[in-house]
Amino acid sequence: MSSFPGSPRLIKGAIIGLDPLNPLASVVVFQYNPDTMTRRLEARTSGGGDNSDRAEALRLAGPPKETITLNVEVDAADQLEQGNPQAQLTGVSPMLAALEMLLYPKSLGVIANLALAQVGNIEIIPPEAPLTLFVWGPTRVLPVRVTGFSITEEAYDTLLNPIRAKVDLTLQVLSYVDLKVSNPGHSLFLAHQIAKEVLATSNVVNSALNVGASFKL
């Protein structure tokens, strides 16, 4: 970070799992913000196929399906230099484990289902994952599902704990089409869409200024 006194304070991105049973283990603040992020949007339409009604060709069935891909780097070098006891004991394993747990069912639920199966319960309900939020600044807090996860461990300590790693994440944004009205993510995505509409409307001013500038040339 720059030592210049007027430099802005950097906001860190994060992935947060809203797990009331273990809230601290589900918060992953990025050590370094990714330099790039790829967002892919696919229109969610209700018409336009070969046999569809032509009147439905432009009808939208909901917000676009959005996929986010990014690369997160973690490095324990600074913590090791400062003598951080956790880094000395486990390297970057805690952060990697916190990210991985977003894909795991809770062990208590697994054990409970095993117990139900042992007593003859034939209807075992798969456990539900906690709502996961991708936080990228104050204007982008999105409910997501982790659909892709790749870890490249690049260096190890003497106990073979990883001390530097790269994590490639693929996130599917969950909208109000995917979530129940009672789910907090439903309202979060709707607020995100409203904020985006405000930004799009404000672009009218920029467009008008650009048009005016073109006439002056």
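Biologist: In which helix is the place of H186?

Modeller: H186 lies in helix 5, residues 184–216. Helices here are DSSP runs of H or I with at least four residues, strands are runs of E with at least two, and both are numbered from the N terminus. The model is a predicted one, in which local features need pLDDT of at least 70 and side-chain atom pairs count only at pLDDT 80 or more, while totals for chains, interfaces and linings use all residues. Residues are numbered from 1 along each chain as its sequence is written, and side-chain values use heavy atoms, with hydrogens and water left out.

Biologist: Why does the span of helix 4 agree with its number of residues?

Modeller: Helix 4, residues 107–118, has twelve residues, and the expected span is 1.5 Å times one less than the number of residues. Just after helix 4, G120 takes a positive phi of about 95°.

Biologist: Which residues have the most contacts inside the largest nonpolar core?

Modeller: They are I15, L70, F134, L169 and L171, in a core of 27 residues. The term denotes buried Ala, Val, Leu, Ile, Met, Phe, Trp, Tyr and Cys residues joined through side-chain atoms within 4.5 Å. Strand 7 (162–173) is among the elements that supply at least two residues of this core, and strand 7 gives the most, with six. Not counting residues up to four places away in sequence, L169 touches I15, I68, T69, L70, V72, V146, G148 and F149.

Biologist: What is the pattern of the protein chain, read along the sequence?

Modeller: The pattern is β-β-β-β-α-α-α-α-β-β-β-α, and the chain has five helices and seven strands.

Biologist: How many of the contacts in the protein chain with a separation of 6 or more join residues 24 or more positions apart?

Modeller: Such pairs account for 60% of those contacts.

Terms used:
Buried < 20%, exposed > 50% of the residue type's maximum accessible area, 1.4 Å probe, protein only. Contact = heavy atoms within 4.5 Å.
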